[in-house]
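This briefing is meant for someone meeting the structure without any background. Please keep the sequence and the model in view while reading the points below.

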Amino acid sequence: MPADFATFETFGYGLAAAGYLLLTLLLLAAFRQRMRAPFLAIATVSMAVWGAIFAANGEWLRLDAFQYFLLEFALDAAWLLYLASLLAGAVGGMQFRLLRFGGLALAVGILILGTVLEFLYRNGRLALGAEQILIFGQILTALAALVYVEQIYRNSRSKQRRDLKFLCLGIGAIFAYDLLMYSNAVVSGGASEVLWAARGYIVVMALPLLGFAVKRSPSWSGGIFVSRQIVFHSTTIFGAGIYLTFVGIVGQFIRDFGGSWAALAQIVFFSGSVLLLIVLLASDTIRARLRVFISKHFYQNKYDYREEWLRLTETLNNSADGLPIRKRAIKALTEIVGAPTGLLWQKTDDDSKFRCVAGWNTKLVETQFEERDQLPVFLAERGWVIDCHEYARQHELYLPLALEPADFGLEHPYLIIPLINDGNLLGFVAVSDPASPQSLTYEDRDLLKTAGKQIASYLAQDAATEMLAQSRQFEAYNKLTAYIMHDLKNIIAQQSLVVANAQKHRDNPEFVDDAIETVRAGVARMRRVIEQLRQGSISQTLENVELGTVIMKAVSDCASREPTPAFRVGDQRIFVKADRERLQMAIYHAIRNAQDATPASGKVEVSLVRHDEQCEIRISDTGIGMEESFVRERLFRPFDSTKGTAGMGIGAYQIRETLRQIGGSLEVASEVGQGTTLMLRIPCSG
């Protein structure tokens, strides 16, 4: 190594020693309550000693390979101890200690193994020393430290991440560089002088991040929550790392002792090993068993209930994927137990049978259950989750229930989960065996029963929404029918008036002409009614209508009754965009209502005025009037009539709706004993 290169290396490690010594003094003096300061101080003082020894190596010290690795593992153990201390408040139970101290135990175990191998080598009992084992051990400890860093950051609470991100970046940078350096040593057959010389500067670059993290955290006391997902992925990553390390060791032996076929054998071995790892990671069975192992050995509770509830809610509410609610209900339950298929039986309000109405990854079956059959009665009375495997082993637990597995249309039925809403059995779901079946515990049963109740509430809400939609359709049809009956009532009234006066005026040509015109208008309106029934809605044909003519026609139709309405119209012609017949009928109804409320000696007056872009039809009477509360609460309520059986109670409502459909409005001013004024306001069209 050139002299200037060695000086560069020595200066880097010396700078690291001085910097971490300063951080150690600050931790002991001013920051004793911060960031687990005692454990961090152990790590930083170890780093300072490590830097000082390597700065002196070559000039004042002569370290052999084993002493070098001994120092490396001591430093790694100090950092792993600190990272484990950060997980002291993590949620996970007593057995979580295995995960906390696994990395530290790994470092100590590899160091002990290396020491034994080195002792045997120096005593002539082994041909090779412990160097290769210790290099791979360094890769494993670096990997373990990175897994810890990931867990600590991802599972910390949001208010802690502000302080933790710099700490995790600093420690992560140190161990990521170690992983790179030792991986390169495995590939190239020896440590890179360049990477080794730059290492001191890398740890110095991480120092400000660690110092800043400590300064920003006045009193940090852990409390990290480690979720099952992170433990699962971290365990998978760590296991994959151990596997690849083992593959690397075997590959090294193949290269050293494989002879002329070593290169070819090494390529085949590495390719096959990586392919096997991919197959294992993609296996649903392996993943399921790993989840079960983690739940059994690392947590007091089998499930992460927050995660399960969020996933259940997300599945039930996610209509974007196009799945109906019934399929989403089955999917939600299969996700909890890991089942591939499932079927839903549900009872509708108009049927007493439970029918198979939806399936997940399987076809529907024809099996039906009567409401009084054993299975529905058993589920309704006890609310149990039925374990089909337990039923086969201990049938007496489920007496008097008798089940036939073939009835459920699943190749291997696993569970039958009741869907109970408000104490009533709405349906039930049958799911098949998961990739890794296991016996149910009370925790499984409680979760599935709770999920079943939540799903039942969604299904009940869906049924209620469907019934509401049907009710609204009937409401719309009833409204149409009421409008049509109201029109028919008025047509009949006009035709009856013609019949009543026919005997007296049959020889009067003008009466005959008026009668023919009345019949013609009635026929036209009846055709309109039939067309509306065919269409299923009340349609309007808008046209430019001269309002004065329409009002005069409505006044003329009401002139046969007392008091006779008087119409005052100005010289200006006013046009509106409206359906002529419907607008005329609205004005006609308004005048007739005024006549009904006014004695024969009273007055009914109709006037038309224009205000800028709007015109106003004012219909005033001197009748009995209405109370303000009646106008506010009952006047426009459909089917609420003050005329008893003689009225339908939709006149005022129909007038207002007709005006609204053409952009107009209706205002009522009334006083008891003084009369009523209707103000029909309509936008002008020109």
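Where is the place of Asp422? Asp422 sits in the loop between strand S5 (413–421) and strand S6 (424–432), where helices (H or I, at least four residues) and strands (E, at least two) are DSSP runs numbered from the N terminus. This is a predicted model, in which local features need pLDDT of at least 70 and side-chain atom pairs count only at pLDDT 80 or more, while totals for chains, interfaces and linings use all residues. Residues are numbered from 1 along each chain as its sequence is written, and side-chain values use heavy atoms, with hydrogens and water left out.

- S8 and S10, by contrast, pair in the parallel sense over four bridges, and Arg568 has Ser607 in S10 as its bridge partner.

**Helices packed on the sheet**

- Leaving aside neighbours within four places in sequence, Arg656 is in contact with Phe636 and Leu666, contact meaning heavy atoms within 4.5 Å.

**Helix H17 and its buried face**

- In helix H17 (residues 547–557), the buried residues are Leu547, Gly548, Val550, Ile551, Ala554 and Val555.
- Seen down the axis of H17, these buried residues fall within an arc of 160°, so they line one face of the helix, the arc being that of the directions from the helix axis to the C-beta atoms.
- The cover over the buried residues of H17 includes strand S7 (543–546), S8, strand S9 (575–578), H18, S10 and S11.
- At the start of H17, a side-chain oxygen of Glu546 comes to within 3.0 Å of the backbone nitrogen of Gly548.

**Nonpolar cores**

- The largest nonpolar core holds 57 residues, of which Tyr20, Trp79 and Ile171 touch the most other members; such a core is a set of buried Ala, Val, Leu, Ile, Met, Phe, Trp, Tyr and Cys residues joined through side-chain atoms within 4.5 Å.
- Helices that each supply at least two residues of this core include helix H1 (3–29), helix H3 (65–86) and helix H6 (158–188), and the largest share, twelve residues, comes from H3.
- Apart from neighbours within four places in sequence, Ile171 is in contact with Trp79, Tyr82, Leu83, Val149 and Leu210.
- A second, separate core of 39 residues includes Ile591, Ala594, Met626 and Ile662.

**Backbone details**

- Most residues other than glycine have a negative phi, and most peptide bonds are trans.
- Asp422 has a phi near 55°, a positive value in a residue other than glycine, and at 70% relative accessibility Asp422 counts as exposed.
- Asp612 likewise takes a positive phi near 55° in the hairpin of S10 and S11, which has two residues between the strands, and at 67% relative accessibility Asp612 counts as exposed.
- The peptide bond from Leu399 to Pro400 is cis, with omega near 5°, and Pro400 is found in the loop between helix H14 (388–393) and S5.
- The peptide bond from Glu562 to Pro563 is also cis, with omega near -10°, and Pro563 lies in the loop between H17 and S8.

Technical notes:
Pairing = 2+ DSSP bridges. Buried < 20%, exposed > 50% of the residue type's maximum accessible area, 1.4 Å probe, protein only. Polar contact = N/O pair within 3.5 Å; in protein donor to acceptor, adjacent residues only side chain to side chain.
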